Each structure stands twice: as structure tokens, then as C-alpha cells.
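I am opening a notebook page on a structure I have not looked at before.

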Amino acid sequence: MEHTLLTATLTSLRPLGHLEKYSTTRSHLGIYLNVGLTARYMRPSGEPVKPRLFYALSKLIPKHPILSAIPVALETPNPYFVRLPETALDKAVTFVEEDASYSSLEWQEVLDKLLEQQHNQPFESQPTEAQPFWRICVIESKNAPEIFTLVFMFHHSLMDTKSALSLHQEIEGYMAQYTEGNRIDTVHSSSEALIPPLEELYTLPVSQEFIRSQETYNEPPPCRWTGAPQFIPVTTRFSSLWLPETLSKELVMQSKKERTSVTATLQTLMATSIFSVLPSTYTALQADCAVSLRKFLPKPVTPTTLGCYVGSLSTTYSREPSFKWDEARRTKSAIEHAMAQKGADMPVGYLARIPNQHHWILQKLGRKRMSAFELSNVGASGTRQGTSSFEIESMLFSQSASACSAAIKVSAVTGPDGRLALGFTWQEGAIDSDMVERIKELLGDEVQKLSMSR
């Protein structure tokens, strides 16, 4: 087997949990590859990034054992983590120089193209050489020496996006602390044990009714749009939408005023926008919403722990002539009801009942998708303090498309500059690119309408 040479020389850590295994199964089959969280930094004009970033990583890799863990035996029903003894930073970090101006539309196109390339690049270990299941790409522009962009890509078995947000904040802090010293090229790993997986930390109960619903495939009715049926191979397409700070803040205020949440409002706006571009014969949509489960978890898990602790829920929408706040409130209630169950009857809990995830996922191919879109909103990353020489200004959340989930993935984060950024991902051939661009345009228009209606 491919992993034999590799594992013979590396320390075995622990078996993957069911959620972690779900991520490795999908990536091994080419169904879904990775996640990204990108930060745009302000810095003293032209000051080198590399020594500060390598210093930050020299602090973070020993601090977080999961950064040195790589999953192996991915082709088997029982993958497990092994420890890399050290990380060669020059192999984990790449630097790219672009000519585009940061304030131009051209820059957004450059970043979108780079992220699209990254999301089509899997994490793989060769039998004789292991690399981390994360990587960093730093983008700099000759036209803006006071700015750089740091792209952090990671395998979902290592962590969720809340973890990546925390890691970015730690990188920011350590980069600001750096004082000139010896160059660091190689970082030795922590010998600490990994934190147990989600399922060992917390019980995720599933009712008999929920089990039956998961075991039975009921094809969505013709009136419910879901894009093209599930197929491989997956080529990820990506496009971003950046809302101005004024519109982003207005969306927060309006949502609060209307007794709902930004996540619920965004999800409802997405449904409204998709209906607007579909033929009238489509009268229903299903949306999936990713939620963090870490607030239910005991120590050692904290808000800043690196690990994968996410669940999901689904909401169905009927065609309406326009956006309605009642629908946003209904969505918020659905999310609150699911969270009140504390992880019960979520698909993540059903994973423990699947004896062979490879077989389970492969049997989905050729079937219709269940959902039109999925929304993952990681929230706000804090506000700019203006006190640090190296400081995050804006953020963008992105992820791979998937062969076996919603036709469109929308990943949301609000940066320290107050701008809400949305990353749109879709599988080439599953949905037309022009349709996604039209949905993006309509979503922006809908947010503008809400700000004007106050």
C-alpha cells in the first residue's frame, strides 16, 4: 500500500474520528479537496514578510500538534494520523509577485484565479516524502509595497475555519512581535498528543427517525432545483464578492433591527437571488448551513483550539416574489432550533453509523444533489486596532467545490475593516458560470436595496 514506506518512519498518533475521516475520504476520492482563509495585511512599506512569517510559524508549529499531523491510510476504512518530525518552511510557504494594483478590479481577478488554482491542488503524501496538510502562499505587488496577502490553505481533517481564523490572529500577533535574529528554515514538531476527535469529546445522538431519513434516498422533486447530478472529476471554480464596509454594517444593523441574524439574512438573500435566475417551474430550494459545535465541547477544546468541530442543518425555501424578512426570521428560528438540540440529529452524528465511507460516498454519484446551496459564515474577525506594524485588514473565506453536496458553496467572513467577503464555489459542469455571476450581482443588489429601505 502507498502509505507503508511513509508510516514505517513516522510516529503514529491516533485514529481519525468519523468527521475527520469524512474529510479524508472525500479528498482521497477527489470529491472535495481543501479549505482556504486569506488575509490581506498592512505593513511598513516594503518590509520583508519572510523572516517575520517564518518566526511566527516557528512559534505556532510546536504550539499546535495538529499542524504536524498528516492523515495516512486514506484508501482504507481506518485512516490515522502520523507526526511529521519537522516542517521545512520553504516547502510549506511560497511567495508570488503580481503587478496588479490592490485597489483595482484586476487585483480581485488575480486573487480569485490564484484561489481557484489552490482549491484544485490536493494535499498528498508521497511514500518517501511527507509534507504538511496545510500550506501558505504570500502574494505581493510591486505597486503596493505597504500591503501583502497571506493565503492559508488546509485539509479539513486538520481543522475547521474557526480554527483557521484563530491561527491567522496568532500569525498576526507573532509577526508583530518579531525582532531581527537568526533565520529559521526548519521547525521541529511538538511531541504532545493530539486532542481527541469530536466524537470522543461529545455525544452526537441520532434518533431512529433521523437514521431512517439518512438511510433512504428520496430523489428531490422536479420543482426543486439542485444543479447537475453528482459526478466526478471535480474542477473547482471560484469567484468572490466583497461588500463595502457601509453595506456590510447596514446588513448587520438591519438584521438586528428585524430580529434575525446576518447568517439567516444571507441565506434568505441567496435563496431569493437563485430563484430570480431560475425558470418559474422551480418553486423550491434546499439550503444547507454549516454551524460550529465547539461551544458544546468540554476542555481541552476552547474557542481558539485547532480542530474540526462542525455540524450542519438544512432549510427549505419556497419561491417568493421578493426577499421577505419573515423568511429570514424563519431561517434564524430553524438555526436556533437545531443548535438547541446541541448537535443531535445532524448528518455529522450519522457518520458513526457508516461502516465504509468510501462505499457510502461513491454510491451518491449519478444521483441528484439534495441542496441548491450551502452557506458557511465564520463571522467577524475583530476590528482593526491600528496599533501594530503588521496588521490584518481584510479577509476572504473559500473552499473547494464538492461532487457530493450543494451545487453552490458560499463562504462568508467579515474582516477587521468591516467588509463582508463572500467566496462562491461551484463544480465546473454542475452549474453555468454565468449563472453564478448573475446570482452574485443580484445578491449585491438585494443588499443595496435593504440598505436603502431603512
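The entries below record what I looked up in this model, which is a predicted one.

**Sheet.** I began with the strands and found an open sheet of 5 strands with mixed pairing, in the order β6-β7-β8-β2-β14. The edges are held by β6 (93-98) and β14 (391-399), and each has a single partner strand, so one side of each is left without a neighbour in the sheet. I noted that the twist from one strand to the next averages 20°.

I then looked up β2 (residues 35-42) and β8 (residues 147-154), which run antiparallel and are joined by 8 bridges. As one example of this pairing, I wrote down that Leu-37 has Phe-152 in β8 as its bridge partner.

**Helices across the sheet.** Helix α5 (residues 105-119) lies across β2, β6, β7 (134-141), β8 and β14, and I recorded that it runs at about 20° to β8. Helix α6 (residues 161-177) lies across β2, β8 and β14, running at about 30° to β2.

**Cores.** Which residues have the most contacts inside the largest nonpolar core? I found that they are Leu-53 and Trp-134, in a core of 99 residues. Helix α3 (residues 50-63) gives the largest share of this core, with 7 residues. Setting aside neighbours within four places in sequence, I listed the contacts of Leu-53 as Val-93, Ile-136, Val-138, Leu-150, Ile-171 and Met-175. Apart from this core I noted another, of 36 residues, including Leu-247, Ala-271, Ala-372 and Val-410.

Technical notes:
Residues are numbered from 1 along each chain as its sequence is written. This is a predicted model: local features need pLDDT of at least 70, side-chain atom pairs count only at pLDDT 80 or more; totals for chains, interfaces and linings use all residues. Side-chain values use heavy atoms; hydrogens and water are left out. A nonpolar core is a set of buried Ala, Val, Leu, Ile, Met, Phe, Trp, Tyr and Cys residues joined through side-chain atoms within 4.5 Å. Buried means under 20% relative accessible area, exposed over 50%, partly exposed in between (1.4 Å probe, protein chains only). Helices (H or I, at least four residues) and strands (E, at least two) are DSSP runs, numbered from the N terminus. Contact means heavy atoms within 4.5 Å. Two strands pair if DSSP finds at least two bridges between them. Axes are lines fitted to C-alpha atoms, for helices over the stretch in contact, and angles run from 0 to 180 degrees between N-to-C directions.
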